[in-house]
Amino acid sequence: MTGKIVRIQRFSTTNGPGLRSTVFVKGCPLTCHWCHNPEMQESKKQLMVYPEQCKACGFCVKTCENGGHSFVDGKHIVDRTNCVLCGKCEQMCPHSAIELAGQDVEASEVLERLLRDRPFYDSSKGGITISGGEPLAQFNFTKELLQLCKAEGLHTCLDTSGWGGRAAELVEWVDLYLWDFKESDPERHKYYTGVELEPILDSLQKMNDAGGKCLLRCPIIPGVNDRDEHLSAIAELANRMPCIQVIDLVPYHRLGVAKADAIGMHQDEFSSLTQEEKDHFLSVVTAKTNTQARWI
Ligand code: SF4
Ligand code: SF4
């Protein structure tokens with residue numbers, strides 16, 4: 001089965017236990033305002049250009065037959081109008097300033113690449129993580145890749161928003177879900193993520209009832225969901241759902257802003273929480289639940 005991925009990140013330490021390889025799939029039905037991976041929202045390929053890495057060598061200008069790159073007053077201008085996403089400029093750039101995000105791959109081919117790092121997974125009690133984008137938006141590809149990994153005895157994590165209502169169908173092949181829970185107020189959830197909250201909660205309930213386990217990953221975004229009521233709701237959710245092993249509070253970071261620029265989009269920037277605010281929000285959670293909670 002063919003799927004579309006953006007990249008495989010090796011030796012990752014933030015996407016589940018131990019050392020892991022994380023497969024980032026392309027395409028997500030959510031449009032979170034603070035998205036860390038905006039280049040993975042669209043399901044189609046996209047040209048990414050990082051101006052801060054460009055050394056103005058001009059190779060891409062000479063290479064592109066469609067006028068995709070030019071320099072005006074020393075500034076690198078990207079014109080995507082006639083870009084056919086051939087990837088020639090990416091191949092020619094000696095400074096990794098260009099990336100074509102999105103490659104079609106067979107699940108078996110991804111497995112082959114993942115297995116090369118098996119000694120690292122084994123020695124660190126790690127494994128593989130499928131993330132994105134939203135892996136459930138490529139359900140059949142994700143399922144096949146999980147099945148192949150489990151057949152090889154690898155530990156598997158699935159990083160998901162729970163979108164699509166089918167997360168529970170994969171319980172047999174997912175050792176640990178990394179469940180991104182973004183907002184507890186239905187109206188705000190719809191506004192900030194583009195999708196309804198209720199189906200996400202239904203999906204979590206089904207996964208819980210099917211015997212799955214998860215880390216509840218909660219991005220705390222200043223001005224969006226940094227409210228005591230939301231932190232309390234997270235604790236109450238953990239009390240209702242035994243599947244939630246740990247509550248991970250995830251601080252906002254600005255990575256998405258630069259990546260949105262690289263694909264020719266704009267992303268609003270948010271501020272950072274102070275240590276005092278982080279301590280406070282953690283205390284709000286721990287006051288209401290016995291489930292382990294931490295900042296990651
Ligand atoms: S991907 Fe191809 S068409 Fe697009 S800018 Fe690069 S060389 Fe030009
Ligand atoms: S090939 Fe790379 S480094 Fe050279 S001008 Fe183009 S983007 Fe910049």
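Guide: Gladly! Keep in mind that this is a predicted model. Let us begin with Leu114, which has its place in helix α3, residues 107-115.

Visitor: Why is Leu114 called buried?

Guide: Buried means under 20% relative accessible area. Leu114 has a value of 0%, so Leu114 is buried.

Visitor: What does Leu114 touch, not counting residues up to four places away in sequence?

Guide: A contact needs heavy atoms within 4.5 Å. By that rule Leu114 touches Ile8, Ser21, Val23, Tyr121, Ile128, Leu145 and Cys149. There is also Thr22: Leu114 and Thr22 are 92 residues apart in sequence, while their C-alpha atoms are 8.9 Å apart in space.

Visitor: Let us turn to the strands. Why are β4 and β5 said to pair?

Guide: Two strands pair if there are at least two bridges between them. Strand β4 (residues 69-72) and strand β5 (residues 75-78) have four bridges, in the antiparallel sense, so they pair. In this pairing Ser70 stands opposite Ile77 in β5.

Visitor: What do β4 and β5 form, and how many residues are between them?

Guide: They form a hairpin with two residues between the strands. In the turn, Asp73 has a positive phi of about 50°.

Visitor: And which residues are the closest to ligand 2?

Guide: They are Cys54, Cys57, Gly58, Cys60 and Cys93, among the 14 residues that surround ligand 2. This shell divides into ten nonpolar, three polar and one charged.

Visitor: What makes you say that ligand 2 sits in a cavity?

Guide: The test is that more than half of a molecule's atoms lie within 2 Å of the cavity's grid points. Ligand 2 sits in the second largest cavity, so it passes that test.

Conventions. Residues numbered from 1 in each chain as written. Chains lettered and ligands numbered in written order. Predicted model: local features only at pLDDT ≥ 70, side-chain atom pairs only at ≥ 80, totals over all residues. Heavy atoms only, no water. Near = heavy atom within 4 Å. 1 Å grid on protein atoms, 1.4 Å probe; cavity = no way out; pocket = protein on both sides within 12 Å on 5 of 7 lines; lining within 4 Å. Nonpolar A, V, L, I, M, F, W, Y, C, P; charged D, E, K, R; others polar. Buried < 20%, exposed > 50% of the residue type's maximum accessible area, 1.4 Å probe, protein only.
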